[in-house]
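Subject: Structure handover

Hello,

The structure is below, followed by notes on what was found in it. Please read them alongside the coordinates.

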Amino acid sequence: MTAPRLHPRPQLSREEWTDLDGEWELRFDDDDRGLLQGWWRPGAEFDRTITVPFPPESPLSGIQEDGHATVWYRRHAALPAPDDGRVLLHFEAVDYRADVWVNGVHVASHEGGHVGFHADVTHALCDADLQTIVVRAFDDPRSLEQPRGKQDWEDEPHVIWYGRTTGIWRQVWAEAVPAAHISALRWSPGTRIGDIGMKAEISGAVDGLSIEARFSFEGVELARSLHTVTAGDVEAVVTVRDPRLDTEPERLLWSPETPNLIDVSIRLLRDGATVDELRSYVGLRTVGVEGERVALNGRPYFLRLVLEQAYWPQSHLAAPDDDALRQEVEAAKRLGFNGIRLHQTTADPRFLYWCDRLGLLVWADAPAAYRFSHRALARTTREWLELVDRDAGHPSVIAWVAFNESWGVPALAVDLAQRHAVRGLVGLLKALDPSRLVIGNDGWEYVSGDVIGVHDYTQHGTDLLARYGTRDAVEHTLEKERPGGRLLLVGEPGVVREASAGPVVLSEFGGVGFTRGPQGWNGYGTVNDEAAFLSRLRELVGAASAGALAGFCYTQLTDTLQERNGLLDEHRRPKADADALRGALSG
């Protein structure tokens, strides 16, 4: 199979890789007999064919069946030859628990449906031309302790929840790597503009190894560094010294308006000879808080975000094709937004590449569980650990959203343990990644975080101006009003008062329902024609832009199943004249 143009992991890419998407054999295991009967062994019967990476509930999978908790996959595939190195098998996402066998040898177990994993399968390879890969995926359709985001636990999608995405739902691929190779690479901004933090992890014997990193922009080398590998990793700060950083910083810094990316070539050397080589990139940018504003690259920056559900009717949470990821970014930018809030799912690394490349800020959620328990909290935390580790090198990602609207912490206002959970996860995210903003509980019941996010779906611009038009109004709203029916701030008065002096973002608003087809769920407010739609948008966005807020996030970019409040329909077609729509959203 010909590999797509873009590498599955654009920030850690080697020239050669093998795409394993396409037709796989499939078998449902509703009686949970597969493990006892050894379906990973040769001779097991598989009675269906599925197109990977589309989940079996979706039309593009060729199956379009729901209600199967346990799903088995099998494929006979040519994998790259290891030579004297190793062969790695990558799964970018399998929902929710996965076990993997190669030629009957168990090579991996993973729990967590929204971040990928890989396995070294070298020891399981045989001399045959084709290797047999078997995957068992288990996804409990009813569990409220399992992080599921917007995937419904009822039989049919209802209110704001959507169809399920079970099993393999992102790319499967393989690569041959040297015995000693770079297994992980992470970039972070330094304390000064021009400083680049680099952390590389090495697998294999490290004796005599060093890492060379070359940084270039528009074909001109900016910096070169060489570091000795000790204890299996390298941590270093590389400083870019370029006159443009002092005189014309926008020519080199990353922002939505100037998405400049620095190309990085990495070589792993042993006694001067190249052992491993890969390509990456990095963006020079900082993000922080300055008083009541969010600051990008040291300057106040107003956030104009749009809510992105990343759901397609034909493929659910899986993108229908490679181009769809780029087109989603382009659609948001065409409408005049400078960022998105990726809501209750994780990003495909290639989607983040396009956000980096084209210039779109990202607030990143992780899918929520809906019950507060030890198990749910452990699962949520584990996925966050993996998500930050995977995505922290992307300059487009400026914020982590730990919880959404008290999902998973439903008694936050009265339960001290649940408040501790929010504070604890905020602290963990800040420890893992001090360079980004962290929002504790977005929407209401703020306990901890760098930014207060408020969800307010009033359909009247006058209400928004009254609540957020001045700083005094904002502080009154935070302390006295309940736009979503919940307290906006909970916890100790001193902490709350100090927090309310910082940035406040209207992180969900609008949600204007408008469709020319059958009406769906319209819980926020509806209009009946294009003129009324544009007028409502102009009124609401204008009010959100004119006040004392640090930014806003409009709900939402696209229609999603029964939720018909998108600016685009589910097929990504604008609901009004494109120029008029952009004009109405300009504030």
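Rings of Phe, Tyr and Trp (for Trp, its six-membered ring) are taken as a pair if their centres lie within 6.5 Å; planes under 30 degrees apart are called stacked, over 60 edge-to-face, and the rest tilted. This is a predicted model, in which local features need pLDDT of at least 70 and side-chain atom pairs count only at pLDDT 80 or more, while totals for chains, interfaces and linings use all residues. Residues are numbered from 1 along each chain as its sequence is written, and side-chain values use heavy atoms, with hydrogens and water left out.

Aromatic pairs

The whole structure holds 21 aromatic pairs. In one of them, W24 and Y73 have ring centres 6.4 Å apart and planes at 90°, so the pair is edge-to-face. W24 belongs to strand β2 (residues 22–28) and Y73 to strand β4, so the pair ties together parts that are 49 residues apart in sequence. Helices (H or I, at least four residues) and strands (E, at least two) are DSSP runs, numbered from the N terminus. W24 is buried at a relative accessible area of 1%, and Y73 is buried at 0%. Here buried means under 20% relative accessible area, exposed over 50%, and partly exposed in between, with a 1.4 Å probe and protein chains only.

F91 and F117 form a stacked pair, 5.3 Å centre to centre with 20° between the planes. F91 lies in strand β5 and F117 in strand β9 (residues 117–120), so this pair ties together parts that are 26 residues apart in sequence. Both F91 and F117 are buried. Ring pairs also link W39, W40, W72 and W101 into a cluster.

Sheet

An open sheet of 4 strands has the order β16-β15-β18-β19, with antiparallel pairing. β16 (220–228) and β19 (273–282) are at the edges, each with a single partner strand, so one side of each has no neighbour in the sheet. From one strand to the next the twist averages 15°. Strands pair if DSSP finds at least two bridges between them; β18 (residues 262–270) and β19 run antiparallel and are joined by 9 bridges. R270 stands opposite A273 in β19.

Helix contact

The axes of α7 (residues 461–468) and α8 (residues 471–480) come within 5 Å and cross at roughly 95°. Axes are lines fitted to C-alpha atoms, for helices over the stretch in contact, and angles run from 0 to 180 degrees between N-to-C directions. That makes α7 roughly perpendicular to α8 (65 to 115 degrees; under 35 is roughly parallel, over 145 roughly antiparallel, the rest oblique). A466, R467 and Y468 of α7 make the contact with A473, V474 and T477 of α8, where contact means heavy atoms within 4.5 Å.

Backbone

Most residues other than glycine have a negative phi, and most peptide bonds are trans. The exceptions to look at are these. D95 and Y96 are joined by a cis peptide bond with omega about 15°; Y96 is in the loop between β6 (94–95) and β7 (97–102). The bond from T555 to Q556 is also cis, with omega near 5°, and Q556 is in the loop between β30 (551–555) and α11 (578–585).

D83, not a glycine, has a positive phi of about 55°. D83 sits in the loop between β4 (70–77) and β5 (86–91) and is exposed, at 69% relative accessible area. H316 also has a positive phi, near 60°, but is buried at 8%; its place is the loop between β23 (303–308) and α3 (322–334).

Regards
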